[in-house]
Amino acid sequence: MAKKETEQPEDKQENISGKSPIGRDDKANEENETADASEVIAKFETLVKEQNEKYVRLYAEFDNFRRRTLKEKADLIKYGGEEIILSILPVLDDMERALAHHKEAKDHKPLQEGLDLISQKLRTILTAKGVQPMEPKGEVFDPELHDAITNIPATSDEMKGKVAEVVEKGYLLNGKVIRHAKVVVAN
């Protein structure tokens, strides 16, 4: 048993002449290894070229995406109000027709009714777009919602610190203040 452990297998033994058991000499092995290394290097060069081409294509796609996104953002900023303007234009047309008839009209009651209808149409459009008017009269003054123009003496103790008069209405757009109400506060 000890004899078998010290013996080497035939395929790992070398001959005294320098040849391996299958008949190749060391020089042939070196040439074969060099050829194999050349093939491996060529494969790696091909792989590097392919990866580089993929990288360049991916970079170009990303650059195109970035440019397109910037253009879309610029267009959104430039034309973002288009929808609201298109919905308000019919109101402007109605106002122009009312003003044209006002010059010819002798009775002002139909003109007043027409202006009321136009005003209601405009309010309906703005409400549909999420615009809500603030009705702060009698409410406690809130600097987040109101701009105090002036103070007046309070007529009663319960009116102190409350909005006594609205000079200019404020508006909310989907719950966000887009214009503060200009108010007179009772002190």
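In this predicted model, the contacts of H146 beyond its neighbours within four places in sequence are P136, E139, V140, F141, V163, H180, A181 and V183. H146 itself lies in strand 2. Its relative accessibility is 2%, and because the cut-off for buried is under 20%, H146 counts as buried.

Strands of a sheet pair through backbone hydrogen bonds, either parallel or antiparallel. Here three strands make an open sheet with mixed pairing, in the order 2-6-3. Strand 2 (146-152) and strand 3 (163-168) are its edge strands, each pairing on one side only. From one strand to the next, the twist averages 30°.

Within this sheet, strand 3 and strand 6 (residues 181-186) run antiparallel and are joined by four bridges. V163, one of the contacts of H146, has V185 in strand 6 as its bridge partner.

A further open sheet also has three strands, in the order 1-4-5, with antiparallel pairing. The edges are strand 1 (131-133) and strand 5 (176-179), and each of these pairs on one side only. On average, neighbouring strands of this sheet are turned by 35° against each other, direction ignored.

How many bridges join strand 4 to strand 5? There are three, between strand 4 (residues 171-173) and strand 5, and the two strands run antiparallel. L173 has K176 in strand 5 as its bridge partner.

Key
Residues numbered from 1 in each chain as written. Predicted model: local features only at pLDDT ≥ 70, side-chain atom pairs only at ≥ 80, totals over all residues. Heavy atoms only, no water. Pairing = 2+ DSSP bridges. Axes fitted to C-alpha atoms, helices over the stretch in contact; angles between N-to-C directions. Buried < 20%, exposed > 50% of the residue type's maximum accessible area, 1.4 Å probe, protein only. Contact = heavy atoms within 4.5 Å.
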